[in-house]
Amino acid sequence: MVIKFYPSDKTFWQYNLAGWGVICAALFIQSIVVAESYLHFSVEAFAGLCYILLGIHAALLFRYIFKRKQFTTLSIAKLILLGIFSAMLAGLLIGPIIGAIGFISYAWLLPDLYQKATENISRSNFILLISLKNGLAIFTYLAIWHFIYIAVMIYRRSVSAELQSLKLENSLKEAQLNSLSGQLNPHFLFNAMNNIRFSIKKNPDQAEIMLINLSDILRHCLESTKLNKTTFAREINVSERYLELAKLQLNNRLAYNIDFDSTLHDCLLPPLVIQMLLENAIKHGVDHRTTQGKLDIKISTDNDYINIYISNDAAEKANQQKDTHTGIGLKNISKRLHLLYGENASMNTLQNNEKFIVTITLPKEYSS
């Protein structure tokens, strides 16, 4: 988004000019009261106009930097300090400018008034007095302006966060429905239950493990309806259970390898993302192969980011089918990442005759 120094928002200008208009009117009235001649009034009015123009541009500069640096992410305490510091800096810069304008105007155009004003103080003290007076005034006006602007931005941030939360909640529900009805489909559940049933007599211990795995998968899917994020440790654990069940379902046509950086155990990610990618890889790749298909999962860290890499052998040409559900699932994940992380997360896909690869990059975030 391009940030303009002079915003095109009419509402902003209406409120902004209304506030500075009040100050301008006050300065105009003051000029009329103190002016001893038309020339004196003109000098006071010109200084006041310079004062207002400098104040408006200082406020616009604060707004421009505020948006450019995305200060809305700062805490309220830091924003208050930022507002005070910016107003103080503007006062220190604008005060001497107005002081210099006042000195030149009085000394050049109103020598009698200048001589009268400097009877008891030196010229440098006269300039310093005008600078301090105007600097303090501009500090007060801009501090108020900054606080009002910050309050509006905080309010907009809270409204935006609430809207994002609602969007995310709807998206998460959609993702969970897709996972339960689309990826973790009745076909998978039916085969898993059948495998468990046949294993009960042949290998009761294995049947018990399979049942526990299936129970954990379903519990994780249901619990995820209450969460925006879960830990990698939990997601990897459930994903491994899913892969073990899928391996039995595919009669060992599935081989997989998980390379997981153990330092990321407590880091966070959206729930079901890895599992949905694995389901997608099996359902649209490995499941359409007569020979063994390989799944590679690699999760690593790169400074402040986490990289998730999932690769699966493509379906054999004779069994390849055009399936729109693959694209829907990936778009759903991409949408959730955007809602949660904005531009800080990305998802890329690469497909050729042998492999289908999905790469996700997330900002590193630890559970509290």
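## Helix α8

Asn251, whose phi is positive, near 55°, follows helix α8. The model is predicted, so local features need pLDDT of at least 70 and side-chain atom pairs count only at pLDDT 80 or more, while totals for chains, interfaces and linings use all residues. Residues are numbered from 1 along each chain as its sequence is written, and side-chain values use heavy atoms, with hydrogens and water left out.

Among the buried residues of α8 are Phe232, Ile236, Tyr242 and Leu245; buried means under 20% relative accessible area, exposed over 50%, and partly exposed in between, with a 1.4 Å probe and protein chains only.

## Nonpolar patch

Ile76, Ile80, Ile84, Met88, Leu92 and Phe147 make a nonpolar surface patch of about 520 Å² (patch residues have over 30% relative accessible area and no salt bridge, and nonpolar side chains are joined within 5 Å). Helix α3, residues 76-109, gives the most to this patch, with five residues. Ile84 lies in helix α3 and is partly exposed, at a relative accessible area of 31%.

## Cysteines

The count of disulfides (cysteine sulfur atoms within 2.5 Å) comes to zero. Cys24 is in no disulfide, since the nearest cysteine sulfur, that of Cys50, is 12 Å away, too far for a bond. Cys24 is partly exposed at 36% relative accessibility, whereas Cys50 is buried at 15%.

Note on methods
Patch = residues over 30% accessible without salt bridge, like charges linked within 9 Å, V, L, I, M, F, W, Y side chains within 5 Å. Areas by Shrake-Rupley, 256 points an atom, 1.4 Å probe, with all protein chains shown as cover. Salt bridge = Lys/Arg side-chain N within 4 Å of Asp/Glu carboxyl O. Helix = DSSP H or I, 4+ residues; strand = E, 2+ residues; numbered from the N terminus.
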